[in-house]
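Please keep the sequence and the model in view while reading.

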Amino acid sequence: MEIVYVYTKKRAEFGRQCNFTDRSAELHVDILPDPSLAENFIERNPVDSGIQCVQEMSEHEVNTERFETGSRGINHTEGGWPKDINPQEVEQVTRFRKKVEKDELYVNTIQQLGTVMEHCIKQNNAIDIYEEYFDNIQLSNVEESPSAKTINVFRDPNEIKRTATHISWFPDGPRKLAVAYCNLEFQGSSPDTSMDSYIWDVENPNKPEMTLKPVSPLVCVEYNPKDSHVLLGGCYNGQIAYWDVRKGSQPVEMSPIEHSHRDPAYKAIWIQSKTGTECFSASSDGQVLWWDIRKMGEPTEKLILDPTKKQDMTKALGAMSLEYEPTMPTKFMVGSEQGSIMSCNRKAKTPGEKIVAVYPGHLGPVYSLQRNPFFPKNFLSVGDWKARIWSEDIRESSIMWTKQYQSYLTDGCWSPIRPSVFFISKMDGTLDVWDMIFKQNDPTLSLQVCDEPLHSLRVQEHGRLVACGSHTGTTTLLELSDSLYTLQRNEKNLVTAMFERETRREKILDARHREMKIKERAKSSADGDKKEEEEGEAALEEEDIYVKAETEFWSIINQEKKNMEKKKDADMDKADLGKQSPIPEDQEQEAQEKEPEKK
């Protein structure tokens with residue numbers, strides 16, 4: 001049965017306001033119950049139903065709007081002074097204070113506060129709040145397996161993702177980190193790709209705290225250790241720029257293009273100086289340039305990385321990494337594209353003498369170079385499929401090295417707290433933590449950070465937090481377990497002994513190798529002399545044979561000549577005898593008959 005009720009309205013009333021009126025209820029249809037359907041139901045008796053006097057709610061999940069926080073700074077100035085008093089004037093302030101101190105109300109207030117303070121001081125004297133109650137009890141050290149956990153992930157805010165090429169930690173505590181973003185694939189980036197780099201707050205991964213706006217994408221960025229408001233950046237077009245975060249997102253000053261690098265500035269580092277304004281940069285164009293940010297018009301000094309020490313630009317090696325230790329202000333090291341490592345001295349008299357030593361290094365570009373914070377003579381280099389530890393005293397070979405990895409290594413650094421721990425990032429997205437005291441054949445901890453290549457790595461100076469930058473601009477913040485950032489008992493002595501032992505071993509092997517080379521050279525020269533002697537003897541023997549043969553030949557010729565002369569003389573004598581006494585005819589005939597018999 002279909003129920004239809006039609007509402008009718010005149011055409012003239014279309015579009016008018018609806019007016020409702022009250023009226024009594026009307027019954028249009030009455031449907032009686034079907035007794036056959038009632039048999040399908042069971043009557044429930046009694047019926048108990050609980051009733052709550054609160055709103056009924058159900059547990060469910062929804063996507064709520066993300067709350068974004070923003071931090072802003074304020075300038076605090078001393079307040080509370082009358083308008084006629086200038087707080088900057090010492091005399092006015094002193095005069096006002098004397099006037100206030102004579103006021104009775106001021107004296108009463110101080111007296112009231114004095115009783116409260118006296119009570120607190122008596123309490124402090126009665127109880128030592130800094131007392132160590134359990135100083136004598138030794139804690140049982142529970143062996144914790146090395147581990148790390150992800151704290152935060154900072155993603156590139158732009159639609160077209162770029163590589164996080166370099167990371168720098170805020171110098172005054174683990175609160176911020178600056179990340180440089182750049183597409184290093186030559187001409188591989190779209191024209192719409194952003195050139196911005198960002199400063200992130202560790203606690204807020206949703207939005208960058210500040211944006212750095214260079215004229216060319218930043219390849220590297222570095223906080224000034226003396227002034228945390230100043231940052232140094234190396235650009236993809238070779239220019240060097242610096243920012244002051246108090247002055248905004250635009251760079252304060254940049255180096256002019258004609259005096260800058262010709263290739264990307266892969267590394268820029270602040271130098272230990274009184275002013276805190278000096279820095280230097282390296283690039284794959286084969287140059288190291290020194291700068292002072294107070295006058296960025298041109299570099300203060302220049303070095304061409306020519307290993308032949310002739311400062312020939314055509315033979316210069318492209319730089320991929322720089323190493324500078326503030327405790328050794330005149331020394332620095334450069335890792336080249338060709339795999340060699342150059343140790344340099346800035347204070348040498350001539351540019352050629354600045355390159356002190358060249359280490360053979362790696363099979364490919366040296367992506368990272370860092371001295372051990374506790375043992376500056378030993379340094380770590382990362383390139384190709386191995387990480388190597390070197391000693392300054394040995395130039396022929398590294399003293400220690402990791403196993404041959406399956407994937408390419410991209411970056412590495414030492415732990416600032418533990419001298420035996422270093423970190424390596426790889427192209428397969430894993431971070432390896434090596435502890436040389438614990439294990440030397442394999443990493444202590446291997447962590448799969450992401451499914452894409454890791455390109456940059458930086459450890460915070462407290463040694464607890466590690467930041468890793470990936471190929472698509474994702475920066476992962478990791479917190480290490482206590483065992484990886486707590487200095488172990490007797491660790492420095494153990495590492496010292498290890499480095500000394502390996503250095504001594506390499507020296508012995510190197511000396512043995514040189515000795516074998518000298519022996520081979522001597523042997524080859526002796527063999528050469530013997531061969532010459534034999535050849536000389538053979539030549540003399542050959543000469544003797546020729547002379548002997550010649551002598552015999554001429555002796556035979558002379559003998560033949562003599563025989564021919566004798567025969568001739570004999571024939572002449574016969575002829576003379578025949579003329580004197582001719583032979584009778586019968587005797588001559590007889591001689592001719594006998595002659596064939598003789599023959």
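How many bridges join S10 to strand S11? Five bridges link S10 with strand S11, which covers residues 278-283, and the two run antiparallel. The model is a predicted one.

**The open sheet**

S10 and S11 belong to an open sheet of four strands, ordered S10-S11-S12-S13, with antiparallel pairing. At its edges are strand S10 (265-270) and strand S13 (301-304), each of which pairs on one side only. On average, neighbouring strands of this sheet are turned by 15° against each other, direction ignored. Within the sheet, Ala265 stands opposite Ser283 in S11. In general, strands of a sheet pair through backbone hydrogen bonds, either parallel or antiparallel.

**The chain as a whole**

The chain contains six helices and 28 strands. Of its 599 residues, 36% are buried. Among contacts between residues at least 6 apart in sequence, 49% join residues at least 24 apart.

**The loop residue Ser228**

Ser228 sits in the loop between strand S6 (218-223) and strand S7 (230-235). Is Ser228 buried or exposed? Ser228 counts as buried because its relative accessible area is 11%, under the 20% cut-off. Leaving out residues up to four places away in sequence, Ser228 touches Phe170, Pro171, Asp172 and Tyr223. Two of these pairings come with a distance, as the table shows.

| Pair | Atoms compared | Distance |
|---|---|---|
| Ser228 and Pro171 | C-alpha atoms | 6.2 Å |
| Ser228 and Asp172 | side chains, polar contact | 3.3 Å |

Along the chain, Ser228 and Pro171 are 57 residues apart.

**The largest nonpolar core**

The largest nonpolar core has 18 residues. Inside this core, Ile389, Phe422, Met436 and Phe499 have the most contacts. Two or more residues each come from strand S19 (378-383), strand S20 (386-391), strand S22 (409-414), strand S23 (421-426) and helix H5 (491-580). Which element gives the largest share of this core? That element is H5, with three residues.

Ile389 illustrates how such a residue is surrounded. Apart from neighbours within four places in sequence, Ile389 is in contact with Phe379, Leu380, Ser398, Ile399, Met400, Trp414, Phe422, Met436 and Phe499. Among these partners, Phe422, Met436 and Phe499 are also named with Ile389 as having the most contacts inside the core.

Methods:
Residues numbered from 1 in each chain as written. Predicted model: local features only at pLDDT ≥ 70, side-chain atom pairs only at ≥ 80, totals over all residues. Heavy atoms only, no water. Pairing = 2+ DSSP bridges. Axes fitted to C-alpha atoms, helices over the stretch in contact; angles between N-to-C directions. Buried < 20%, exposed > 50% of the residue type's maximum accessible area, 1.4 Å probe, protein only. Contact = heavy atoms within 4.5 Å. Polar contact = N/O pair within 3.5 Å; in protein donor to acceptor, adjacent residues only side chain to side chain. Core = buried A, V, L, I, M, F, W, Y, C linked by side-chain atoms within 4.5 Å.
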